[in-house]
Each structure stands twice: as C-alpha cells, then as structure tokens.
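Colleague: Could you take me through the reading of a model, one feature at a time?

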Amino acid sequence: SLPLRDGAAAPESTRISALLPPAQAAALRGLARGLRVTQTALYLAVFAAVLARATGDRAFRLTLPGFFRAPVMRGASRLVGDFTNILPLGLRIGPEATLAGLARETGREIAQALSHQACPGTAVLREMSRGGQGVESAPVVFTSGLDLGGGQRQLLGPRVGRLFGPLVWSVSQAPQVALDVQVAALAEGVLLNWDLRLDALPEDWVRACFDACHAALCRLADAPDLAAVALSDWLPAPMRMRRLNDLQRAYLLGREAGLPLGRTAMQEYRCYRGPLDAGALALRARTLIARHEALRSRLDSDHSALRVLDNAEPPLERIDLSDLGADEAEARLAALQDDFARAPLPLDGLLWRLVLVEMPQPRDQALLVKMDALALDGAGIAQIVAELLAPELPPAPALPTRALPEPAPEPAD
C-alpha cells in the first residue's frame, strides 16, 4: 500500500541519512547477538515494523540485493564486476508481534532466500507476474553493509579514508525502485542512508518513516529489553498514508464530468431528530476522531492515497433556526437537507461532516451526517454513527481506513 505517485514524472532523487554513534552501534550488535540473529536481520526487522505501521499493511514484499561471488576460482571474492542479484523477501507482522520474534523470523526468511539465490530474483518476479493479475514489482529495497565477511567490519576500509578522505555524501537510484534503505558499518558506527525517488513517494511521509526508524533504533540501543515487548507498545508511530484501492479510485473518478453518470460523489447522508447536546456531541466527535483514523484522514490526490493526520478538529457546524416559526423552520430544514445531501464533500478537508440544526421546539434538534466512501464503507459509517449517538461510548477496536484484504498465506511446501 505504498503511496506511489500516479503518472510519469522526471526522475528526481534525494537522500536522508543519519549516523548511529559507536556506543549505540555496539549496543545494537550486542542485542542482535543476544537474539541470535545477524545485524542485518535486526535492522531489517525494525524497518519492516515501521513500514507496516506507516502503511497499515501486515504483509508485504521487500528485496535484498546480494553481491555474492561464487568461489569457483582463487580470489573470486576480489573480482571486480557486476554480480548483483536481488532476493525477494516476504514478511508478515502480526498485531502482537515483538521485535525479538520478528527479527528471528526475518533471519529465517533471509536464510531461505539465500538458499535460492542461484535463481535470479528478476526471474522469480517474472514468474510471479505470469501467474498473477499484473506485473509484480518490488519498489522497496533493503541494502545491508553489515555482517561483512573476510574480517572487514567497515564498509570502507582505512585505506579508502587515507586516499580519498571521509565519505560525506552519496545517493543512488534505479529503475522500479522508489526507496532504497541502506545500512552500513561506517566510522565505527552505523550509517542509515535512505535513497528516495521524489517523483514516486511523498518526501514528508518518507522522512517521518526515517525519523521513526532512527528513533526506534536509538530506543533499542538504550533499552534492549524493549525487543521482548509488543511493538505496538513502544514503536514510534510514523505518518500514516494508505494507497486508495481500485474501488476508491473509481469513486474518485466518478466525481469527474467526463464519465457517464459522473459528477457524483460516493457518500452517505443521514438525518437524525431528537434532543441533542451540542457540547456533548462535539466532545464525542473528538473522542471518535482519536479512536478511528478514518475520521482524521484527508485525500492526497497527487499520490492517490489517504493521509492520516495525528489529530483533527471535528467538522461540526451549528445552524440556529430556533427564532423562526415552526413551519418556516421545517421548510428551511428541508431545503438545507436537500443541499447538504447533494453537495459533494470537498476533497481538501476531512471526509465527513456534521451539521447540528437548532429547531424552534424545545429539545428538538436535527443532526445531518455525511460521510464519503473514500474513507469508510457502509458498515463503518453505521458503527461511527452508533458510537456518535450512543448514551455511553461503547468499547471498540480502532476502525482502520479501507484497505485491500490481507493476502492469504502461502501453502506450506
């Protein structure tokens, strides 16, 4: 569910980087050793956990580049040339996963992928494309310069530093790659370097993911016991963005005039009458916004995605008709209902709206509710309205934004 930009644009790349100091790098090496996993598995598990929180996906595919030289001759490891292979890696992250469990599972997945490296990764993706419904891709790459063999702990040896000086900047780009996450031992620390295609992914979203990943590694270095705690209890929460699925995109296209039966938004309108307290309604709406991320989502049309805000004010409007006569107030309410139901919600704000209308009769209010299907389906709308109007807020799990169903697990060999 990466929020990839639609349409072709000129390639533009940048990098985001940070250097973990030697003390933190040593602490993370010790944590990996205690978990009996490689550093690569540990760092990849942290990144995968952050990516899962940022996209809402519990299952996704990454690729790991490998540069293995088969020892078919003496000095093969020193041969200069292109021996690159990519290893597709499938990861699943459960709701109660811990970093310790995820790192061990990641290590097993890496070992299994390495056992099949004689088959090129591009051939694997090609075969998957033939058996699926579209072209399989792997826009996120994880490149590790840790756990180097041959006694070389650092990515660049001391001789490179003497001849060329310290490494201060680097960037790379590749076709079909939107984000290349790189970790490498450098200057007795660990370099975190993310190469990002700005024409493919929103920079602020990727920077928020990078900051969350960096913060998670720093917290682990200071408190290694967190590895045994559920990720949901301590992992920093990056900015959430969820890519629109095919049906949501169809809803969006339906707003345009060029399609048959277009110029219509897919939204649900409801009206409720009865005694309603404006202050209590606003307080309940704020509670629901904090509980359900769908209620604080906005459309990012450039990337065909929903951007989940950290917080938002309830889109509650008040209209006072209490000074009018009963018949005139009812006529005004009917006209207001008609306009409210027909007008599409603007796409530059939250995808729902409340209007509380004060009527002339005591303890008589009308509540107009409108919600767009870009964020909620019918069942979700019903749950939101029930929680909004219930005398007491019932306990309920957080209601996620709409997403494609999780893929079925692959059958065991």
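What follows is a conversation about confidence, helix packing and a cavity.

Colleague: What is the mean pLDDT of the protein chain?

Modeller: Where pLDDT is low, the predicted coordinates should not be read in detail. This is a predicted model, in which local features need pLDDT of at least 70 and side-chain atom pairs count only at pLDDT 80 or more, while totals for chains, interfaces and linings use all residues. Residues are numbered from 1 along each chain as its sequence is written, and side-chain values use heavy atoms, with hydrogens and water left out. With pLDDT being the predictor's confidence in each residue, from 0 to 100, the chain has a mean of 86, and 92% of its residues reach 70 or more. Over residues 398-413 pLDDT stays under 50.

Colleague: At what angle do helix H1 and H2 pack?

Modeller: Helices here are DSSP runs (H or I, at least four residues), numbered from the N terminus, and axes are lines fitted to C-alpha atoms over the stretch in contact, with angles from 0 to 180 degrees between N-to-C directions. Helix H1 (residues 22-35) packs against H2 at about 100°, with the axes 9 Å apart. That makes H1 roughly perpendicular to H2, a term for angles of 65 to 115 degrees. In this contact (heavy atoms within 4.5 Å), Leu-28, Arg-29, Leu-31, Ala-32 and Leu-35 of H1 meet Gln-39, Leu-42 and Tyr-43 of H2.

Colleague: Which residues line the largest cavity?

Modeller: Rolling a probe the size of a water molecule over the atoms shows where empty space is left. A cavity is a set of points, on a 1 Å grid over the protein atoms alone, where a 1.4 Å probe fits but cannot get out, and lining residues have an atom within 4 Å of a point. The count comes to one cavity of 30 Å³ or more, and the largest cavity holds about 40 Å³, volume being the space filled by probe spheres set on the points. Its lining consists of Tyr-43, Phe-47, Phe-142, Val-181, Val-183, Leu-192, Trp-194, Cys-213 and Leu-217.

Colleague: Which helices supply at least two residues of that lining?

Modeller: Helix H2 (39-55) and helix H6 (203-222) each do.

Definitions and conventions. On a 1 Å grid over the protein atoms alone, a cavity is a set of points where a 1.4 Å probe fits but cannot get out, and a pocket is an open set with protein on both sides within 12 Å along at least five of seven lines; lining residues have an atom within 4 Å of a point. Angles under 35 degrees count as roughly parallel, over 145 as roughly antiparallel, 65 to 115 as roughly perpendicular and the rest as oblique.
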